[in-house]
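Subject: Structure handover

Hi,

Here is the structure I promised you. Please have it open while you read; my notes follow.

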Protein chains: 2
Amino acid sequence: MRVRVDLLPRGPYPDLALVVDVLRASTSIALLFERGASEVFVTESLRVARELPADLALAEREGLPPEGFFGGTSPAEILKGDFRGKTVAYTSENLPRALRAAEGAKTVLLGALVNARAAVSLAKSRAEEEIAVVAAGHRGNEALDDAVASGFLAKKLELTLPRATLDDGARIASALLKAFPDPQEALWRSESGQLLARLGYTEDLAHASVISRTRAVPLLVGVGGSSGKGVWKFIPLFA
Amino acid sequence: MRVRVDLLPRGPYPDLALVVDVLRASTSIALLFERGASEVFVTESLRVARELPADLALAEREGLPPEGFFGGTSPAEILKGDFRGKTVAYTSENLPRALRAAEGAKTVLLGALVNARAAVSLAKSRAEEEIAVVAAGHRGNEALDDAVASGFLAKKLELTLPRATLDDGARIASALLKAFPDPQEALWRSESGQLLARLGYTEDLAHASVISRTRAVPLLVGVGGSSGKGVWKFIPLFA
């Protein structure tokens with residue numbers, strides 16, 4: 001098995017892509033499934049999110065849900081909610097870029113620290129030749145939080161796949177764990193983490209750092225949308 | 001001053017780009033100037049390299065200079081040569097991609113471990129707002145050797161520019177030094193390093209790892225070429 005890490009999405013990916021947007025989309029969507037959601041639609045557009053056939057829509061601009069939205073995209077808020085049986089529309093700035101690069105892969109999963117063990121286990125059972133860990137990055141640049149979380153997942157894959165061959169991206173990401181043995185520190189030091197802390201979301205950094213707190217792994221099951229506004233549909237797997 | 005590291009070239013860069021292809025182009029070109037070369041033309045095409053108005057042309061395919069070429073692109077070979085006053089055509093696979101992304105910057109320098117101190121010193125004196133350390137990467141993927149060398153340069157910039165603001169790319173690259181306190185180990189473990197070792201160029205890995213052995217820093221002074229075949233002209237600065 002090949003284990004590859006891309007510190008920015010570029011694709012195409014031939015087999016399995018494990019997409020990591022640890023602050024916050026891949027964390028929050030795993031936790032939505034943990035809290036009972038049945039389907040999550042991801043989009044970057046507030047307009048598209050409003051029009052989707054969902055029970056409720058989550059979005060944030062400048063730290064607040066815009067008018068017409070049920071709530072924000074914060075893991076801390078999601079953990080307080082009950083989403084049993086709900087279809088949720090979730091807006092994200094960085095995840096859609098990664099999904100656009102990854103959507104041609106045979107299997108696309110969302111990975112984070114909160115579902116690390118389950119995501120690694122499912123990736124290994126579903127991949128045939130290559131697991132590409134794809135860091136979403138922040139506004140088109142490499143993100144420290146995603147790089148370290150990707151390294152955490154790649155290291156778990158390396159340790160449990162005795163014949164894995166790693167690319168240099170995987171070597172770079174895994175090496176970051178020497179500098180950040182506690183991934184939470186990387187979340188705090190990252191640009192995304194600093195932005196969230198300024199907006200008052202310090203709790204999110206703690207919640208996003210809890211390793212393997214959920215067995216839920218979001219699986220991409222549909223791609224849609226029009227006029228360049230993508231929509232990606234996820235359902236949960238539990239491992 | 002902003003200090004930014006891109007682990008793959010993407011540009012455009014508004015101010016100063018310090019381009020790092022440690023195995024081997026930025027190392028070898030710095031050493032060509034150390035050994036007296038007056039100008040170096042960089043291109044990816046053997047045909048273009050043959051036709052350039054140069055005194056001699058260096059290239060390698062499968063570890064050997066092709067017919068009509070004076071010699072290979074190995075730092076070990078270059079250090080044995082005398083290039084005083086010569087104009088040299090140098091072919092490279094990975095550096096041209098980075099130069100294409102960087103050529104719009106106000107200043108483009110080549111940085112490596114062999115000219116680290118000089119490259120950092122010139123970058124600081126020539127940049128006005130941003131120093132972008134641009135890792136060339138290997139065949140379109142992040143390269144461990146370039147990432148660690150970029151981290152080495154970024155850390156030197158951070159330590160000597162007390163008001164530097166770093167981006168996450170710089171944080172990622174600098175953090176790699178914790179895992180690779182001796183950058184030579186990263187060169188050995190990288191895909192490029194393993195490829196060179198298989199071709200018998202183990203000496204190159206040692207030569208490319210000698211920190212600040214030369215004061216020569218290649219400066220981009222001209223961009224040319226036609227039909228998509230770029231040519232970039234460098235002269236030396238000494239710091």
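First, a term for the labels below: helices (H or I, at least four residues) and strands (E, at least two) are DSSP runs, numbered from the N terminus. Bear in mind that this is a predicted model.

Loops and backbone

Start with chain B. Arg24(B) sits in the loop that runs between β2 and α1 (25–34) of that chain. The peptide bond joining Leu23(B) to Arg24(B) is cis, with omega about 10°. Please look at that one by eye.

Pro12(B) belongs to the loop between β1 and β2 (16–20) of chain B.

In chain A, go to Arg139(A). Arg139(A) is not a glycine, yet its phi is positive, about 55°. Its place is the loop between β7 (130–135) and α6 (144–160) of chain A.

The interface

How many residues of chain B are in contact with chain A? The number is 27, and they touch 27 residues of chain A. About 2,000 Å² is buried between the two chains. Carbon and sulfur atoms give 54% of that area. On the chain B side, Glu142(B), Asp168(B) and Ile172(B) lose the most area to chain A. Together these three account for 31% of what that side buries.

Three salt bridges are counted between chain B and chain A. Separately, the side chains of Arg171(A) and Glu191(B) form a salt bridge at 4.0 Å, N to O.

Which elements of chain B supply at least two residues each to the side that touches chain A? They are β1 (2–6), α6 (144–160), α7 (168–179) and α9 (191–198). The largest share comes from α7(B), with eight residues. By type, the residues on this side of chain B divide into 11 nonpolar, five polar and 11 charged.

Helix against helix

Helix α7 of chain A, residues 168–179, packs on α7(B). The angle is about 70° and the axes are 7 Å apart. Angles of 65 to 115 degrees count as roughly perpendicular. So α7(A) and α7(B) are roughly perpendicular to each other. From α7(A), the residues in this contact are Ile172(A), Ala175(A), Leu176(A), Lys178(A) and Ala179(A). They meet Ile172(B), Ala175(B), Leu176(B), Lys178(B) and Ala179(B) of α7(B). That contact holds eight nonpolar residues, no polar ones and two charged.

Within chain B, α7(B) also packs against α6(B). Here the angle is about 105°, and the axes are 7 Å apart. This pair, α6(B) and α7(B), is therefore roughly perpendicular too. On the α7(B) side the contact involves Ala173(B), Ser174(B), Leu176(B) and Leu177(B). The residues of α6(B) that meet them include Ala147(B), Val148(B), Phe152(B) and Glu158(B). The contact divides into seven nonpolar, three polar and two charged residues.

Best wishes

Terms used:
Residues numbered from 1 in each chain as written. Chains lettered and ligands numbered in written order. Predicted model: local features only at pLDDT ≥ 70, side-chain atom pairs only at ≥ 80, totals over all residues. Heavy atoms only, no water. Contact = heavy atoms within 4.5 Å. Buried area = accessible area lost by both parts, 1.4 Å probe. Nonpolar A, V, L, I, M, F, W, Y, C, P; charged D, E, K, R; others polar. Axes fitted to C-alpha atoms, helices over the stretch in contact; angles between N-to-C directions. Parallel < 35°, antiparallel > 145°, perpendicular 65-115°, else oblique.
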